[in-house]
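Please examine the sequence and the model shown here. The explanation below it is meant to be read with both in view.

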Amino acid sequence: MSSLEVKGLSKAFGGVKAIDDFSFEVDDHNIVGIIGPNGAGKTTVFNLLTGVYPLDAGQVFLDGKELTGMPQHAITRAGIARTFQNIRLFRGLNVLQNVMTAADPYSDYNLLDVCFFTPRKRRRERAVRDLSRNYLKIVGLEGYEKERPESLPYGLQRKLELARALATKPRVLLLDEPAAGLNPSEVRALIDLVRTIHGQFQFSIIIIEHRLEVVMELSSKIFVLNFGKLLASGTPAEIVCHKAVTEAYLGEEETECSA
Amino acid sequence: MEYIASTLTFTGIALIGVLGVYMVTGLTGLFSFGQAAFLAIGAYVSAVLFKNLGFPLPLAALVAMLVGLAAGLLVGLPTVRLRRDYISLVTFGFGEAIIAVLNNTANITGGAMGLSGVPQRTSFLLVLASVIVCVAIVVSYKNSKYGRQCLALRNDELAAKSMGINVERLKLVTFLIASVMTSFAGVLYVFYTTYVEPGAFGWVISAEWMIIVFVGGVNSLTGAVVATVLLTGLPEFLRFASEWRIAIYCIIVLLILNFRPSGIFGEHEISLRFLRRLFRKGDSAE
C-alpha cells in the first residue's frame, strides 16, 4: 500500500519549469531517495509537498487523503514533516524547547488554562517536555537540553532538526540533504540513525542527498530528477546501471554493472 | 506621599500597556505602532458608558474591553497575513485613525477639548493588583506552548509553519490578548486621571512603549518591567528635568544600542526559581 502518492506535480518560476509533471509513490514504511544534479528541483519538490509554494498543477495524497492546497501547518499536522537543507532551528529557544514547539500543536490546553494556571496546563506541559526529551534521546542529544541550538556543533544541529521533525508525528518524513557538511564518520552515524528511527516508527522517509552512499544504502527505490523532470526510477542497483542517469548525474565514466 | 502614589499608579498603567507591546513585539516580533489606540478605546468607551449612559463601572469596563477586542479583530484579521513591515504601517494608521475619530465626534467624546468630569475610581492598590494579575498572565503565556510558538515564529516563520504551527492564528491570538489588556489599562487610566483628550494616545505613546520593550531586552519580560519603571517612573521623580525627558530617552536608547544591543536583560528572565537558586548556592556560575 502506498502512503504518499504524488500525481503530475508541476511548478514554474517565471518561465523556468522547476518541476515538470513529476509523479511518484512512496510505499508504506519505506525509504526512497530523490537524486539529481544541482538545480534539478529536488528541494522544490519538498517545498511543494509541504505547501511552501502553491502547486501549478498536480495532486498530493497522503494515506488516500488529498493534501493539495492545504496551508503549510495543516499539511504538517496531516503527517508530512521535513528537515531543512540549510538548518533552520529556532535561535531564541533552547534545544529542548525547539523540539517542544513541534510537539506543541498537539497539546490540547487553551488560553483559559494559561490565564488560570490550571493543573491541566501543567500536566500537558510536563507531557510535552517528557515526550520531547524522549525524541532528543532517540537522536542522541541527551544532556544538551539547555544548550542554545546555534552553539551546537553542526552535526548535532542536524540531529536536532531530525528530533524536531519527529516530534510533529509524521507519516512521511522528508530529509533534505541530511548529510550535507558531515564528515565521513558522521555520515556513517547518520545512516545508522535514520535506519534506527525508521525501524522504530511507522513512517516512510524521502531523502534528498548528494552523498550517494546515503541514498544507495538506505533507499529501496530511487527517483532521479533532471531539469525538473523524472529521468529514471528504480532500485539503487538499477539506477547505478541506468545509462541516462550515469550520463546526466554521475558523469560519463564507464561503471561496472553486473545486471 | 500622594505624589509618589500617583507616579507609581501611572507607571503601573503604563506597565500594562508595555506588557501588551511586549507580547506583540517582544514575543511575536510584530511592530505595533498603534497600541496606544487601544488605551484610548478602553478609556473613552468606559468613560462614555459610565458618564453618559449610566452603566455600572464593572460593566462599562467589560464592554470597553470587548470593544477593544473587536477593534483588535478589525485590525488584526487582515494584518496577520501581511509582512511584518506592513503590519507596523497598518497599526500606525489605525492608531491615528482612532484619534481622528475621537477628535471628530465632539458631541460624544468632547473632541479635542477632551472628556472631563469622570469620577476617580481607580486607586493605587487596584492598579497594583491589576499589574500583578497581568504580569502573571503574561508570564504564564510566555511559559506555555503559545509563548514558545510565538518565539519560534518570530525567529523563523517558515520553519514554524512546517512544525505545524498555525502562524496567522497565533499572531492574531497574541494581538487580541494585547488589545484587551491595553483597553483594560485605558479603563484604569481614565478613572484615575478623570480627564482624557485624544492627544494623549498618539503614536508617540506606542513608540515609547516599544522603546521600553527594546531597552529592557526584546525577549525578556523582566527587562520590560524594569525598563518601564526606569523610563516612565524615574522621569516623573526627576520632574525638574522633565523638558529633558525625550533627550534622556534618546541618550538611553543610544547607549543601549551601542553597548547592549539586545537590551538590558537580553533574553534573560529573573524567575522565582532563579532567585531561589541564587540564594541557595550563593554564587552560581550559571
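This is a predicted model: local features need pLDDT of at least 70, side-chain atom pairs count only at pLDDT 80 or more; totals for chains, interfaces and linings use all residues.

Residues are numbered from 1 along each chain as its sequence is written, chains are lettered from A and ligands numbered from 1 in the order in which they are written, and side-chain values use heavy atoms, with hydrogens and water left out.

Strand 9 of chain A spans residues 221-226, and five of its six residues are buried (under 20% relative accessible area, exposed being over 50% and partly exposed in between, with a 1.4 Å probe and protein chains only). Helices (H or I, at least four residues) and strands (E, at least two) are DSSP runs, numbered from the N terminus. Strand 9 of chain A pairs with strand 3 (residues 31-35) of chain A in the parallel sense, over four bridges; pairing requires that DSSP find at least two bridges between the strands. Within this pairing, A:Gly33 has A:Ile222 as its bridge partner. A:Ile222 also stands opposite A:Gly234 in strand 10 of chain A. Strand 10 (residues 229-234) runs antiparallel to strand 9 of chain A, and five bridges join them. Two residues lie between the strands of this hairpin, where A:Phe227 takes a positive phi near 50°.

Helix 3 of chain A (residues 95-103) is likewise mostly covered, with eight of its nine residues buried. Among them are A:Val95, A:Leu96 and A:Asn98.

Chain B contributes 27 residues and chain A 32 residues to the contact (heavy atoms within 4.5 Å). The two chains bury about 2600 Å² between them, 60% of it on carbon and sulfur atoms; buried area is the accessible area (1.4 Å probe) that two parts lose on being put together, summed over both. Three salt bridges are counted between chain B and chain A, each a side-chain nitrogen of Lys or Arg within 4 Å of a carboxyl oxygen of Asp or Glu. One of the salt bridges joins A:Asp104 to B:Arg148, whose closest N and O atoms are 2.8 Å apart.
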